[in-house]
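Visitor: I am new to this structure and would like to ask a few questions about it. Could you please bring it up?

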Amino acid sequence: MTTPLRSDARRSIEKITAAAIELFAERGLDCPLEEIARRAAVSPGTIYHRFGGRAGLIEAVAPQVAANKVNAVIDAAEDKATAWERFAAYVEGLGALGGSDAVLRDALTARSELTPPLHEVCRQGLERGFVLMEKAHRDGTLRADFGPDDLHPLLLSVIGVAHAAPEARRRMLKFILDGLRAQHRRP
């Protein structure tokens, strides 16, 4: 049985969580904990005391933020009219999200150590992508030789382009998606 937190301890946790969400989004999951503590106006020791360190803090804030953003992108993709449009919107949406959001870029590209809940967000996002991919295969719009093992590397490529050259993202994505259309397949 745990003792309820005092109100000042609860406020500290809320301030740390808010600062971590902001700074992880701005700088990625490798943002120094000292900077998070400064923004939250607490001592670095408070982060270690309340969260056990970086992994505990990431586990506390990143999965829910990531899940909300990833699910919003995929939900919007699933609202498209055709199987191809749904698949293309999935790839484009996650690419743009990974290119602009440091937490998701780190999570989706596994550049930072993933906590199990954050890894699960990524796995679920890929699983939903596999469903969209399969539907595009079934209706004949996605080339048959593009398989489940290709989806994650494709997303890494799109995220890399979106992050490195955001202004070129749409153009490169168009080239990539055009190459994945079944009618463009070459032996």
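Visitor: Is Glu78 buried, partly exposed or exposed?

Guide: Glu78 counts as partly exposed, at 34% relative accessibility. Buried means under 20% relative accessible area, exposed over 50%, and partly exposed in between, with a 1.4 Å probe and protein chains only. Please note that this is a predicted model, in which local features need pLDDT of at least 70, side-chain atom pairs count only at pLDDT 80 or more, and totals for chains, interfaces and linings use all residues. Residues are numbered from 1 along each chain as its sequence is written, and side-chain values use heavy atoms, with hydrogens and water left out.

Visitor: Which residue meets Glu78 in a salt bridge?

Guide: The side chain of Glu78 meets that of Arg128, at 2.8 Å from N to O. A salt bridge here is a side-chain nitrogen of Lys or Arg within 4 Å of a carboxyl oxygen of Asp or Glu. Glu78 lies in helix H4 and Arg128 in helix H7, so this pair ties together parts that are 50 residues apart in sequence. Helices (H or I, at least four residues) and strands (E, at least two) are DSSP runs, numbered from the N terminus.

Visitor: And what other salt bridge does Arg128 form?

Guide: Arg128 also meets Asp75 in a salt bridge, at 2.6 Å from N to O. Those two residues are 53 residues apart, with Arg128 in helix H7 and Asp75 in helix H4. Both are partly exposed: Arg128 at 21% relative accessibility and Asp75 at 38%.

Visitor: How many salt bridges does the structure hold?

Guide: The structure holds 9 salt bridges. One of them joins Asp145 and Arg143, whose closest N and O atoms are 2.8 Å apart. Asp145 counts as partly exposed at 41% relative accessibility, whereas Arg143 counts as buried at 18%. Elsewhere, salt bridges that share partners join Asp75, Glu78 and Arg128 into one network.

Visitor: How do the axes of H4 and H7 cross?

Guide: The axes of H4 (residues 54-78) and H7 (residues 116-138) come within 8 Å and cross at roughly 10°. Axes are lines fitted to C-alpha atoms, for helices over the stretch in contact, and angles run from 0 to 180 degrees between N-to-C directions. H4 and H7 are therefore roughly parallel to each other; angles under 35 degrees count as roughly parallel, over 145 as roughly antiparallel, 65 to 115 as roughly perpendicular and the rest as oblique.

Visitor: What kinds of residues make up the contact of H4 with H7?

Guide: They divide into 11 nonpolar, 2 polar and 4 charged. Ala, Val, Leu, Ile, Met, Phe, Trp, Tyr, Cys and Pro count as nonpolar, Asp, Glu, Lys and Arg as charged, and the others, Gly among them, as polar.

Visitor: Let us change topic. How many residues has the largest nonpolar core?

Guide: The largest nonpolar core has 52 residues. Such a core is a set of buried Ala, Val, Leu, Ile, Met, Phe, Trp, Tyr and Cys residues joined through side-chain atoms within 4.5 Å. H4 gives the most to this core, with 10 residues. Phe24, Ile36, Leu57, Phe87 and Tyr90 are those with the most contacts inside it.

Visitor: Which residues does Phe87 touch?

Guide: Among them are Leu132, Met133, Phe146 and Leu180, not counting residues up to four places away in sequence. Contact means heavy atoms within 4.5 Å.
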